[in-house]
Amino acid sequence: MTTLSPTAHSSDRTLLGVALMLGFCLTAPLLDVSAKLASTTVPTGQITAARFVLQCVLMAPFIWVMGVSMRVDRGLWVALAVRSLLLLVATFCFIAAIGVMPLADALAIVFVAPFIVLLVGKYYFKEDVGRRRVGAALVGFVGVLFVIQPSFAAFGAVAFIPLGTAFAFAFYILMTRGLSRRIHPVALQLHTGLIASLVCVPILVVAQGTGSALFDPVWPDATSLIWLLGVGIFATVSHMMMTYALSFAPSATLAPLQYFELPMATLFGYLVFSDFPNALSLLGIAIIIGAGLYMIHRERVAARPTTLAK
């Protein structure tokens, strides 16, 4: 799941961008499926670490083949570190949630992130956001409550963990807006993986033998190892497709497509785990999608020249 920045270029290769965004929506749920399968035998912290360590391993050859510079301006390192830690927190919370919750329910709650980005933009960054878009954001929050209610009844307080993902991911997106045009996408991915790995791996080393259900690492069997590889591969592939999609097509074109990830997660959750949202959750998911699409529509209207918007 991602929120798209408003930057577009006249040379956009729109069709390629759309194809890459759809590819993201197809592969990102496979990351979630792999993580959920791995969580039956592997601690959440170890799955999170595998996601970032494998991202580094997979991205390193691209850096060498493409000749991408890894240099980062000194003034960007703090922002880069904060961005990496936000993604680390978002990933950890989501993997912890889907270990016990259906994929679609957890992802639907995470989809409150675009609304958080909009509200932070209005009230903190003083961006020009109209009442209709604020209203759509509030309706989206109501949809999230519809999803949380049956999830809380079934799983308890863990139903609120995806909200941690939503808030961390929302601020991750805000940080990405400032960095994506100043650091090459491939280098940005590798730096993110390196920083997150430097945090994850020492925690696992310290936690070894403590018996912690979240952090004490285990030696995965062959099947669990396949799922961990899937986590790293699908995370790297999906986020690279999303990153490049933003450089090929206008964000206004790509933004509605991100909601395609929700039905795909529902489908994979049903096929692999026989999980299907109940009626109240489905209503909440519908409200979230509707509010999100309306908010995107209002952003398009607001972006038009005044003479066309009347």
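I began with Ser281, which counts as buried because its relative accessibility is 0%. I kept in mind that this is a predicted model. Ser281 sits in helix 12, which covers residues 279–303. I then asked which residues Ser281 touches, leaving out those up to four places away in sequence. I found Asp105, Phe146, Val147 and Pro150.

Next I turned to Ala245, and looked up which helix holds Ala245. With residues up to four places away in sequence left out, I listed Gly17, Leu20, Met21 and Leu254 as the contacts of Ala245.

My last entry is on a helix pair. How do the axes of helix 4 and helix 11 cross? For helix 4 (residues 103–110) and helix 11 (residues 261–273), the axes come within 8 Å and the crossing angle is roughly 160°. Angles over 145 degrees count as roughly antiparallel, so that is how I noted helix 4 and helix 11. Their crossing is right-handed. On the helix 4 side I wrote down Leu103, Ala104, Leu107 and Ala108, which meet Glu261, Leu262, Ala265, Thr266, Gly269 and Phe273 of helix 11. Sorted by class, this contact has seven nonpolar, two polar and one charged residues.

Technical notes: Residues are numbered from 1 along each chain as its sequence is written. This is a predicted model: local features need pLDDT of at least 70, side-chain atom pairs count only at pLDDT 80 or more; totals for chains, interfaces and linings use all residues. Side-chain values use heavy atoms; hydrogens and water are left out. Axes are lines fitted to C-alpha atoms, for helices over the stretch in contact, and angles run from 0 to 180 degrees between N-to-C directions. Helices (H or I, at least four residues) and strands (E, at least two) are DSSP runs, numbered from the N terminus. Angles under 35 degrees count as roughly parallel, over 145 as roughly antiparallel, 65 to 115 as roughly perpendicular and the rest as oblique. A crossing is left-handed if the near helix is turned anticlockwise from the far one by less than a right angle, and right-handed if clockwise. Contact means heavy atoms within 4.5 Å. Ala, Val, Leu, Ile, Met, Phe, Trp, Tyr, Cys and Pro count as nonpolar, Asp, Glu, Lys and Arg as charged, and the others, Gly among them, as polar. Buried means under 20% relative accessible area, exposed over 50%, partly exposed in between (1.4 Å probe, protein chains only).
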